[in-house]
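Q: Could we go through this structure together, starting with how the elements are named and then moving on to the ligand and the side chains?

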Amino acid sequence: MHIVGADCHGGRPGWREGGLIEEFRLEDAVNNPQRSFEFWDLLLYDKVLSEPNITLVLDTVLYAAETENGLIRRVLARCDKTEHLYRVTARLFLDCTGDSRLALEAGAETRWGREPKSEFNESLAPVIGDRQTLGSSILFTARDYGRPMPFRPPKWARPVTKEMLKFRSVGSWEYGYWWIEWGGQLDTIRDNERIRFELLAIVLGVWDYIKNSGDLPSSAPWAMDWIGALPGKRENRRVIGDYLLTQHDLEGRNGEPVDAVAIGGWPLTIPQRFRRVAEPRSALHAVGLQHPPPLPLRRSVTNLFMAGRNISASHVAFSSTRVMATCSVLGQAAGTAAMLCATQKPPSPPALRGRTVARVAADPPPG
Ligand SMILES: Cc1cc2nc3c(=O)[nH]c(=O)nc-3n(C[C@H](O)[C@H](O)[C@H](O)COP(=O)(O)OP(=O)(O)OC[C@H]3O[C@@H](n4cnc5c(N)ncnc54)[C@H](O)[C@@H]3O)c2cc1C
């Protein structure tokens, strides 16, 4: 997808995140004019390999954390491809797993779903809170092969009709459809396999409609050349830190935080209904933010930072901070803060708690 943030996808000219994300984008513009996303991956791989202080461990999942006195002491990770177990001991940790897996394993406080309006007095929050989240999506790419390209769907593809798509545009075939979004009513982590199946069935059903319904004859030379195998997860756990961002912060009503490290700027995008392809398109609150709001740097558990879509925010605030350029700058800020903490004399836990870094769980992990 396109990296968006303060520029609001071109809607706010002149605003753009600086730092690492800008360096990467400029280099990509020069070396990857063909816009191949594998080459973007290669660029990121190269950047990490080029840093002497990073040990890159790919295909490896963190599955447990050991804590002591409210601090994470060690994380355990596993690479099944090489049959290695890793035990990583450190003074500071960053949870950038999107799903907040380290925070979960460390027993940090997390949130899931939509807060009721009464909790933070947010105008975009529902009256009654619930566990609904934004759903996941599977995307595809397609191209014009210049000759008829037949498509036969698998038998489990969902039948999709013109009536079902009456509120949606299927007129462009290059990139798939972000609105094929499903699973927000389920658990986007535990139900990931079910969500994957349903999304694949819907994507292939939509493509079957495009290719075989007869309504779009100019799709004849088009064929899919890639389809996602992993549902893109938009939302699940958020880690609660020293400070929790709300709609009021995003709309600039709480002033500028003293530890502002990034800017937001993407609209607050709250679907009123959770999107299914077979239902009318949801109304989308896209509340533009007049000025990109400054975002603070705070901790979760005493020695845990988080960056990305899992930062300490209400569901409404998250709907703006979750985009890639914003996540990237927050990641750079958390990494820089961790480096500063690691290279300075270790503060005692109470002193660290008073500082404006991200926060760590005080309680021992469950079980
Ligand atoms: C379909 C879709 C369309 C979107 N469109 C746009 C768009 O057009 N523009 C935009 O800017 N943003 C878009 N977004 C939002 C944006 O892509 C995400 O919010 C953002 O990428 C979140 O980044 P993240 O690093 O916090 O989390 P993630 O992207 O979820 O990355 C987390 C990483 O951690 C890894 N991980 C998870 N658990 C573990 C573990 N236990 N051990 C080791 N690694 C682990 C995952 O494999 C993953 O690589 C879209 C999101 C979706 C789903």
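Predicted model: local features only at pLDDT ≥ 70, side-chain atom pairs only at ≥ 80, totals over all residues.

Q: What is the phi of asparagine 121 near?
A: Phi of asparagine 121 is near 60°, which is a positive value in a residue other than glycine.

Q: And is asparagine 121 buried or exposed?
A: Asparagine 121 is exposed, because its relative accessible area is 57% and the exposed class begins over 50%.

Q: OK, what about the phi of aspartate 59?
A: Aspartate 59 also has a positive phi, near 55°, and aspartate 59 is likewise a residue other than glycine. Its place is in the loop between helix 2 and strand 1, and with a relative accessible area of 53% aspartate 59 is exposed.

Q: Which residues make the nonpolar surface patch?
A: The patch is made by Phe39, Leu42, Tyr45, Leu49, Ile54, Leu56 and Leu58, and its area is about 660 Å². One of these residues, leucine 56, lies in the loop between helix 2 (37-49) and strand 1 (61-68), where leucine 56 is partly exposed with a relative accessible area of 36%.

Q: Switching to the ligand, how many residues surround it, and which are the closest?
A: The ligand is surrounded by 20 residues, and the closest are His2, Leu62, Arg309, Arg322 and Met324. By class, the shell around the ligand divides into 8 nonpolar, 7 polar and 5 charged residues.

Q: Which polar backbone atoms come up there?
A: For histidine 2, a polar backbone atom is 2.5 Å from a nitrogen atom of the ligand, and for leucine 62, a polar backbone atom is 2.9 Å from a nitrogen atom of the ligand. In the case of valine 4, a backbone N or O atom lies 3.0 Å from an oxygen atom of the ligand.

Q: And how much of the ligand does the protein cover?
A: On its own the ligand has 1000 Å² of accessible area, and the protein covers 69% of that.

Q: New topic: how many salt bridges does the structure hold?
A: The structure holds 20 salt bridges. Some of the residues involved are linked in a network of salt bridges, made up of Arg111, Glu115, Glu119, Glu235 and Arg238.

Q: What are the N to O distances within that network?
A: Between the side chains of glutamate 119 and arginine 111 the N to O distance is 2.7 Å, whereas for arginine 238 and glutamate 235 the salt bridge has an N to O distance of 3.9 Å, a value to read against the cut-off of 4 Å used for a salt bridge.

Q: Where does glutamate 251 come in?
A: Glutamate 251 meets arginine 253 in a salt bridge between their side chains, with 2.9 Å from N to O, and glutamate 251 counts as partly exposed at 29% relative accessibility.

Q: What does the side chain of asparagine 32 reach?
A: The side chain of asparagine 32 reaches the backbone oxygen of serine 36 at 2.8 Å. Asparagine 32 is found in the loop between helix 1 (20-31) and helix 2, and at 3% relative accessibility it counts as buried.

Q: Last one, which residues are apart in sequence but have a C-alpha to C-alpha distance listed?
A: Cysteine 341 and arginine 91 are 250 residues apart in sequence and 8.9 Å apart in space, C-alpha to C-alpha. Cysteine 341 belongs to helix 8 (residues 324-343) and counts as buried at 6% relative accessibility. Threonine 89 and arginine 74, in turn, are 15 residues apart in sequence and 4.4 Å apart in space, C-alpha to C-alpha. Threonine 89 lies in strand 3 (residues 84-89) and is exposed, with a relative accessible area of 60%.

Terms used
Residues numbered from 1 in each chain as written. Heavy atoms only, no water. Near = heavy atom within 4 Å. Polar contact = N/O pair within 3.5 Å; in protein donor to acceptor, adjacent residues only side chain to side chain. Areas by Shrake-Rupley, 256 points an atom, 1.4 Å probe, with all protein chains shown as cover. Nonpolar A, V, L, I, M, F, W, Y, C, P; charged D, E, K, R; others polar. Patch = residues over 30% accessible without salt bridge, like charges linked within 9 Å, V, L, I, M, F, W, Y side chains within 5 Å. Helix = DSSP H or I, 4+ residues; strand = E, 2+ residues; numbered from the N terminus. Buried < 20%, exposed > 50% of the residue type's maximum accessible area, 1.4 Å probe, protein only.
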